[in-house]
Amino acid sequence: VSYGTAGFRGNASGMEYVFFRMGMLAALRSKLKEAAIGVMVTASHNPEHDNGVKLIDPQGEMLAQSWESLATALANVTNDQLIEQLKQIIDSQKIPLSNASVFIARDSRPSSLSLSRAVLDGASAFGATCHDHGLLTTPQLHYILACYNGGDIKVDEEHYYQNYASAFKALLNVVSLFSRFHQRIFYLDCANGVGAAKLTKLAERIGANIIDIVVYNDGQSGKLNENCGADYVKVQQRAPAGLNMEPFHRYASFDGDADRLIYYTLDSDCNFILLDGDKIAALFATYIRDNLKKASINLRLGIIQTAYANGNSTNFLINQQNIEIACTPTGVKYLHEKALTFDIGVYFEANGHGTITVNQECKNKISAAAFDPNKSAEERFAAKKLKLFLDIINQTVGDAMCDLLAVEAILQDKNWSVKEWYRIYTELPNRQAKVQVADRRIIETGDAERKVILPSMLQPAIDELVRKYPSGRSFVRPSGTEDVVRVYAEANTQENADDLAQQVSLAVYNIGGGVG
C-alpha cells in the first residue's frame, strides 16, 4: 500500500493493521512537532466498502511530503519488522520520547468506527493522549486541530458552526443592504455522507430565514456515494439519484466527507450545466480582485490550476480578468503549497476541492483599510466586504460547507442567479479517458504534467493530433496507483473533443506500451 495525497485508501476489509500503525506514526509526529496531530478516517468519494486514513499536520495542513515515504514504509513491513522500522523512524527523525496528542475523527462508513479504534490503539501504544471527536467532516477536523494548536484549547465542533455561521451572517448583513434579488432556496445532495447532518447543524445556526437548504441523499437510505455525490455528478454529468431538476434552479453536491463542492443546473432546454471547481475559482477570484481594486489595496492575487482546468477558464482569467495564473501537478498538496506563495491564493481542482489562502499580514492590511479615515466610504466598504468574505473561508483545506456559504454570499452581493454565474465564460467541450499500459513508469511528464518527456516520440505525436482540431488541447499523465495512463482532451465541439481523446489514446497505446 502507498500513502498518496489522500493518505491510504482501499477496501476496508483487512486494513486494521494500516490504521493501527498510522496511530503510532501520528504519535511520533506529535512528539517531533510538539503539537497535536490529526488522523482522519475516511475514503472521501470512494465507494462505501472502501476506507482510508490520513494524517493532518499541526496547522491543519496535509502531512509533510517527507513523511509520506515513512508512512508507506511503516505500513508495508511485516509484524516481525515493525519494531525495527519504528526505531529507524525515531532515529532518522531525531524524535524525542516526549508527550504526544492525537485528534481522531471519522466519516459515516460502516467500517469507520472499528478502524478509528485501531488508530486509537496505535496512538495509545506510544502513550499519546487521544481526543476522539467522533463523526466529523474532514475539513472540520482540520479546523479544530488548527485552532487547538493555535492556542484555543477549548475548540470543538460547535465552535466551527458558530464561527462560520457568524461570518456568513455578518457579510450578508452588509451586502443585503444593496441587494435586490436572491434565490433563498437551493437543493443540496450530501452523497449519503457525514456532511448531511453537519450541514443541517450549520444551517440551523444561520437560520432558514436567511438561507433555506433542501437536503437530498442525507444518509437515511441509500449507500454512501452510490449514484450521488460530487464525483458522480462531475463524471456522469447528470443529476444524483432522487433529485428532479428544474431549469436554472440552484443545485449542489458534496462528496462523502464534505471536502468537495460542485454546483449544477439545467438550462431552458433542460440541458445539464455543471459549475465545477473551475467556475467556483473564477467566481471567488474575480470577487476578490474587484473588491481589492475598489478598496485601492495592492496585493498579489493568484489562481492555481492543474492541467485539468478548462482552457476557457484559463483564457477568461488571464485575458479578460488580468489575474495571474500558476499551474501545478495534479494533487491538492501541490496546489496548496503554490497558493501560499501569493498574498491571496485561490485554488480549486475541477472536481470541486479547493480553498483560499491569505497570510496574516495581508488580512491585517485589509482590516485596516476597512476603517482607514483617509480612504473614501466606497473604499472602506469594499475592504469591509473583502474582510468578511475571507472570514467565511476555511483556509486549512477545501471545505464544502464553507465554500458553499462563500458562493451563496457572492451571488447575494452580485444579485446573480446561477444563470449569470454560468455565463461568465463558456467551457470548451472535453473528454477524459484512460489507457491500460504494461508499465506506467515509462511515461514521464514535465511542465506541471502538461508535456510528455518520455517516451520522446509521444509528445510530438500528441502535438500533431492537437493541431487538427479547433481550440484543441490534450495532455496525458500516468496514474499514481495503477498501470494506466490518463488522457484529457478538449476542442471546440464535443464530437471533436471525443475524437481527439480517442486519437491521443491510440497514440499512448501504440507508443507507451498499451495492453489489452
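**Exercise 1.** Leaving aside its neighbours within four places in sequence, which residues is Ser44 in contact with?

*Solution.* Before starting, note that this is a predicted model, in which local features need pLDDT of at least 70 and side-chain atom pairs count only at pLDDT 80 or more, while totals for chains, interfaces and linings use all residues. Residues are numbered from 1 along each chain as its sequence is written, and side-chain values use heavy atoms, with hydrogens and water left out.

Step 1: apply the contact criterion, which is heavy atoms within 4.5 Å. Ser44 is then in contact with Arg9, Asp107, Arg109, Asn225, Asp255, Gly256, Asp257 and Asp259, its neighbours within four places in sequence being left aside.
Step 2: consult the record, where an unreviewed UniProt entry places the feature "active site" at Ser44; such annotations may be inferred rather than shown by experiment.

**Exercise 2.** Decide whether Ser44, Thr42, Ser479 and Gln320 are buried or exposed.

*Solution.* Step 1: recall the cut-offs, by which buried means under 20% relative accessible area, exposed over 50%, and partly exposed in between (1.4 Å probe, protein chains only).
Step 1: Ser44 has a relative accessibility of 2%, so Ser44 counts as buried.
Step 2: Thr42 lies in the loop between strand S2 (37-41) and strand S3 (50-56), and because its relative accessibility is 3%, Thr42 is buried. Residues up to four places away in sequence not being counted, Thr42 touches Arg9, Asn51, Gly52, Val53, Asp107, Arg109, Thr138 and Asp257.
Step 3: Ser479, in the loop between strand S18 (473-478) and strand S19 (484-490), has a relative accessible area of 4% and is therefore buried. Ser479 and Arg440 are 39 residues apart along the chain, and their C-alpha atoms are separated by 7.1 Å.
Step 4: Gln320, in helix H10 (residues 311-320), reaches 57% relative accessibility and so counts as exposed.

**Exercise 3.** Describe how H9 crosses H14, and how H1 crosses H3.

*Solution.* Step 1: two packed helices are described by the angle between their axes and the distance between the axes. Axes are lines fitted to C-alpha atoms, for helices over the stretch in contact, and angles run from 0 to 180 degrees between N-to-C directions.
Step 1: the axes of H9 (residues 277-294) and H14 (residues 400-414) come within 11 Å and cross at roughly 55°. H9 is therefore oblique to H14, given that angles under 35 degrees count as roughly parallel, over 145 as roughly antiparallel, 65 to 115 as roughly perpendicular and the rest as oblique.
Step 2: the residues of H9 that meet H14 include Leu283, Phe284 and Tyr287, and those on the H14 side include Ala406, Val407 and Ile410.
Step 3: the axes of H1 (residues 16-33) and H3 (residues 79-93) come within 11 Å and cross at roughly 15°, so H1 is roughly parallel to H3. Among the residues making this contact are Leu25 and Leu28 of H1 and Leu82 and Leu86 of H3.

How values were computed: Helices (H or I, at least four residues) and strands (E, at least two) are DSSP runs, numbered from the N terminus.
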